[in-house]
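Reader: I have not looked at this structure before. Could we go through it by question and answer?

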Amino acid sequence: MLNKATYWLKDNLKGDPFIWSIIMLLSLISVAVVYSASSSLAFQKKDGDTVYYLIKHGSLIIGSLVLVWLAHRIDYKYYSRLSRLALIISAPLLLFTFFMGTESGGATRWLMIPIINQSFQPSDLAKLALIANLASMLAKRQGNIDDFKASFIPVVLWCGLICGLIALSNLSTAMILFSTCLLLMFIGRVPMKYLMMLVLVGLIFGTIALAIGQRLGTAISRVKQFGATLVDENAPIPDQAEQAFIAIWNGGLIGKGPGNSDLKYFLPQSSSDFIYAIIIEEYGFLGGILVVFLYLALLYRGMKTVVKSDRAFGGLLSAGLAFSLVVQAMINMGVAVGLGPITGQPLPLLSMGGTSLLFTGLSLGIILSVSRGDISESTIEPIDVTA
């Protein structure tokens, strides 16, 4: 029986075994912590059904793992072709969401999918599409990467447009995506003078997006609030941040044990934005370090393909997706421990969420597809990115 299981895993789980291990560990941690953190909320809102959110979240975790498996079975060269279509769809979808989306927390970031009654953030699709398409554009232009008109203009227009549209309602996501674009262009050997120009374009588009968007007041107040705590130890801090600090303090070295968090009853967003505080309260400093290590290991394995890959597209695609996921994770954990202003970024594959979990699974599956290392990119059909 053990041999059969080993052969099945070898035949069906291709790619980097370390990344597979990281995905499985994070998924197991997620189910355990989300159940603990959401049980009181479920009791209050779902007539005492404490497993409601566990079942919902567990279903999404299973769905994300299915997407990991499906995506990793597809030759990653096909994502080059699909990324342009996804990018073209993303731009009007982001605009539609801004004007007609479901409002929550002062921002319209979500669209409600009929029938299944599940919310969907078009920015998740836009992030994945832009990273994949940017990797494709840079890979195809390695021979004339310093050509301003042919290489730089199409890249900067797409980056500015998509990041600007996301920034209308979600500044932190736009900043993470923009930093990922800068990293990909740096790895893709784009001249430094062009990178500086992209930063300038990003500032312009970002300023316009903040001026006409929904997040200017929120962004200013959060930055001011965080800055005040840096210069004045007596400055007031947000209630949710204070509760997160107490949870972390209570955790100590080894934590209070699974399910024994006290602050989950008082900490808003304890199963999503501040789930890292609950992890430390229940599993201690050691548990928190383990989670950080898993994300850093994912970044390392994702970046390693840049060196190992014989083709530019695979390395850029894997590096971009891994960097985006891990930077988001670091920002989430940094907020929980007081190293940054509150952003509302979930912890990838750990926080309770909706379709964001599915897009995380899709991204991880693409990284695994690249890590398989047995795919030739030479058959990729050229795409006219200036059209």
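Reader: In which helix is serine 39 found?
Author: The model is a predicted one. Helix 2 covers residues 17–45, and serine 39 is found in helix 2.

Reader: Is serine 39 buried or exposed?
Author: A residue counts as buried when its relative accessible area is under 20%. Serine 39 has 15% relative accessibility, so it counts as buried.

Reader: Which residues is serine 39 in contact with, leaving aside its neighbours within four places in sequence?
Author: Within helix 2, where serine 39 is found, its side chain reaches the backbone oxygen of serine 36 at 3.1 Å. Beyond four places in sequence, the contacts of serine 39 are Thr50 and Lys264.

Reader: What is the relative accessible area of serine 369?
Author: Serine 369 has its place in helix 13, residues 355–371. Serine 369 is buried, and its relative accessible area is 0%.

Reader: How many Å separate the side chain of serine 369 from the backbone nitrogen of tyrosine 76?
Author: The atom on the serine 369 side is a polar atom of the side chain. From there to the backbone nitrogen of tyrosine 76 the distance is 3.3 Å.

Reader: How many bridges join strand 1 to strand 2?
Author: Strand 1 takes in residues 102–104 and strand 2 residues 107–113, and the two run antiparallel. One of the pairs is serine 104 with alanine 107 in strand 2. The number of bridges joining the strands is 3.

Reader: Which residue takes a positive phi in the hairpin of strand 1 and strand 2?
Author: This hairpin has 2 residues between the strands. The positive phi is near 65°, and the residue that takes it is glycine 105.

Reader: What is the bridge partner of methionine 112 in strand 3?
Author: Strand 3, residues 118–120, pairs with strand 2 in the antiparallel sense over 3 bridges. In strand 3, methionine 112 has as its bridge partner serine 119.

Reader: Is asparagine 117 buried or exposed?
Author: Asparagine 117 lies in the loop between strand 2 and strand 3. Its C-alpha atom is separated by 15 Å from that of tyrosine 53, which is 64 residues apart from it along the chain. The cut-off for exposed is over 50% relative accessible area. At 60% relative accessibility, asparagine 117 therefore counts as exposed.

Reader: Where does leucine 349 lie, given its positive phi?
Author: Most residues other than glycine have a negative phi. Leucine 349 is not a glycine, yet its phi is positive, at about 70°. Leucine 349 is buried, with a relative accessible area of 4%. Its place is the loop between helix 12 (312–336) and helix 13.

Reader: What is the phi of arginine 189?
Author: Arginine 189 has its place in the loop between helix 7 (171–187) and helix 8 (192–212). Its phi is positive, in a residue other than glycine, and is near 70°.

Reader: How many of the residues of helix 6 are buried?
Author: Helix 6 has 20 residues and is largely enclosed by the rest of the structure. Glycine 164 is found in helix 6, and it is buried at a relative accessible area of 11%. The buried residues of helix 6 number 14.

Reader: Which residue caps the N-terminal end of helix 6?
Author: The cap is made by a side-chain oxygen that lies 3.2 Å from the backbone nitrogen of lysine 149. That oxygen belongs to aspartate 147.

Reader: Which helix gives the largest share of the lining of the largest cavity?
Author: The whole structure holds 3 cavities of 30 Å³ or more, and the largest has a volume of about 90 Å³. Of the 13 residues that line the largest cavity, those closest to its centre are Leu94, Thr97, Thr108, Arg109 and Ser169. Two or more lining residues come from each of helix 4 (77–100), strand 2, helix 5 (122–140) and helix 6 (148–167). The largest share, 3 residues, comes from helix 4.

Conventions. Residues are numbered from 1 along each chain as its sequence is written. This is a predicted model: local features need pLDDT of at least 70, side-chain atom pairs count only at pLDDT 80 or more; totals for chains, interfaces and linings use all residues. Side-chain values use heavy atoms; hydrogens and water are left out. Helices (H or I, at least four residues) and strands (E, at least two) are DSSP runs, numbered from the N terminus. Buried means under 20% relative accessible area, exposed over 50%, partly exposed in between (1.4 Å probe, protein chains only). A polar contact is a pair of N or O atoms within 3.5 Å; within protein, one must be able to donate a hydrogen and the other to accept it, and residues adjacent in sequence count only if both atoms are side-chain atoms. Two strands pair if DSSP finds at least two bridges between them. On a 1 Å grid over the protein atoms alone, a cavity is a set of points where a 1.4 Å probe fits but cannot get out, and a pocket is an open set with protein on both sides within 12 Å along at least five of seven lines; lining residues have an atom within 4 Å of a point. Grid points are joined across faces, edges and corners, and a volume is the space filled by probe spheres set on the points. Contact means heavy atoms within 4.5 Å.
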